[in-house]
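I opened the model to look up a few places in it. My notes follow in the order in which I made them.

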Amino acid sequence: MTSSNTNTNPNVPFTLNKYHVSEEYGFLLPLPRTDLPEYYQPWMKIARNLTDLIESHTLRNEVNKLPLLDTGYLHGHRELRLARMALSFITMGYVWQEGEHGIVKTLPRNLAIPYCALSRLLDLPPILVHADGALSNWKKKNPRGNLDLIVCLPGGDSFKGFFLVTLLVELAAVPGIKAMAAVINAVLECDDRSLKRALEDLASSIQSMTEALKQMHAHVDPATFYGMIRIFLSGWRDNSSMPEGLVYEGVQEDPLHYSGGSAAQSSVLHCFDELLGVRHGKDSAAFLSRMRDYMPSSHKQLVLDISAGPSLRHYVLDAGKPELTGAFNGCVAQLVALRNYHIVVVSRFITVPTARARERRSRAEPSAEILTRAPSSLEERGTGGSGVMSFLKSVRDTTKAAAIPWDGNKTPTA
């Protein structure tokens, strides 16, 4: 957050309502639609059978036979989101059906035209993003609330586990998102007691996000994630497998370049970073800024408005109160802990399998087929196109730097 040029009216409480953020579900789409009207069943039939179609190498044939459907018969935000999500998953399967050595250069018009039309309506790029795979791809299996995915790609239980754990991390952030609004209002109202309580709630929520992330180890097999799942989350920007990008037939003659799905497209940590005044290095900041274009526009606007609002860090510094400084630094410490654990997860699911895949490729070990079929173009990069480990460590280190120096006796310093 910055201290200049804010339009926030201190007489009007800050609210999440206008940003399409739910009190119960946070950035998740509340209770997504799971089916489309009869007219759109050709899309849903393929989307529901993606894994079988990809594994039988028949998805491209089925997509090529699709009728060119008019998007004008879709009604309401949830129908639009489900239709776009279905076409996003179909697109990833179509492009990557044969792995990195059998890539198509063109998305056929009967898929590209409606996909791009829906993407324009929702102000999202025509590629699978976090808002598709995690925020709107969920349903309740039964009244007790057990969760399942609406659409899947190859990877079996590990694919489901990866996205459902990601969903749980987003749900764990919900109290923190509500606390964030309370923090902003407390600063606007100079209410230090409410501010301390809201900061403690925020720190607790971030800690819960870390605990949710730890479930990744129980539900996702590293070899399956690395060797089978990752390629379907990869994009056609900063990817040596697709240096020329992808032509969306009937939409634009020149190829387009888009980054694949990435945790950096989640609005949660962008909001928390802006709230706490975290300042990332030039390269990391540029990548994170670009990832905001892969968010729903209302969520991106929330990030920008927090950034333009009054500075929490400056408020705490000016107050010079140990209890506020401690609560603020507690939030920073939990955010550092979350990012440290994200590094642990990436090491287990990307760095270690990368080394094993290289070794087994060199030995031509057939028993490691699932590892050795992983795309070599992703060995050092995340699915969003970043140099994944250097990026995560840089972001972790700049988060540490946001803490306010404090020895318990002297006034805190910037």
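Predicted model: local features only at pLDDT ≥ 70, side-chain atom pairs only at ≥ 80, totals over all residues.

Entry 1, the whole protein. I looked up the secondary structure and found 18 helices and four strands. Of the 414 residues, 56% are buried. I then took the contacts between residues at least 6 apart in sequence, and 79% of these join residues at least 24 apart.

I located Leu 167 in helix α7, which covers residues 156–172. Is Leu 167 buried or exposed? The cut-off for buried is under 20% relative accessible area, and Leu 167 has 2%, so Leu 167 counts as buried. Leaving aside residues up to four places away in sequence, I found Leu 167 touching Leu 28, Ala 134, Trp 138 and Leu 147. I also checked Leu 135, which is 32 residues from Leu 167 along the chain; the C-alpha atoms of the two are separated by 7.0 Å.

I wrote down the buried residues of α1: Gln 41, Trp 43, Met 44, Ile 46 and Ala 47. What covers them? The cover includes α2 (50–55), α3 (59–64), α4 and α5 (109–122).

I followed α1 (residues 41–48) to α4 (residues 76–96); their axes come within 9 Å and cross at roughly 50 degrees. Angles from 65 to 115 degrees count as roughly perpendicular and those under 35 as roughly parallel; α1 and α4 are therefore oblique to each other. The crossing of α1 past α4 is left-handed. On the α1 side, I listed Trp 43, Met 44, Ile 46 and Ala 47 as making the contact. On the α4 side, I listed Leu 82, Ala 83, Ala 86, Leu 87 and Ile 90. Sorted by class, this contact of α1 with α4 has nine nonpolar residues, no polar ones and no charged ones.

From α12, the contact uses Ser 267, His 270, Cys 271, Glu 274 and Leu 275. From α14, the contact uses His 299, Leu 302, Val 303, Ile 306 and Ser 307. By class, I recorded five nonpolar, four polar and one charged residue for α12 with α14.

I found Ser 22 in the segment before α1. Ser 22 is buried, with a relative accessible area of 18%. Which backbone atom does the side chain of Ser 22 reach at 3.0 Å? I traced this to the backbone nitrogen of Glu 24. The backbone nitrogen of Tyr 25 also lies 2.9 Å from a polar atom of the Ser 22 side chain.

I looked at His 57 in the loop between α2 and α3. Phi of His 57 is near 60 degrees, which is positive in a residue other than glycine. His 57 counts as partly exposed at 44% relative accessibility. I then turned to Cys 190, in the loop between α8 (174–189) and α9 (192–213). Cys 190 is not glycine either, and has a positive phi near 55 degrees. With a relative accessible area of 55%, Cys 190 is exposed.

Note on methods: Residues numbered from 1 in each chain as written. Heavy atoms only, no water. Axes fitted to C-alpha atoms, helices over the stretch in contact; angles between N-to-C directions. Helix = DSSP H or I, 4+ residues; strand = E, 2+ residues; numbered from the N terminus. Parallel < 35°, antiparallel > 145°, perpendicular 65-115°, else oblique. Left-handed = near helix turned anticlockwise from the far one by under 90°. Contact = heavy atoms within 4.5 Å. Nonpolar A, V, L, I, M, F, W, Y, C, P; charged D, E, K, R; others polar. Buried < 20%, exposed > 50% of the residue type's maximum accessible area, 1.4 Å probe, protein only. Polar contact = N/O pair within 3.5 Å; in protein donor to acceptor, adjacent residues only side chain to side chain.
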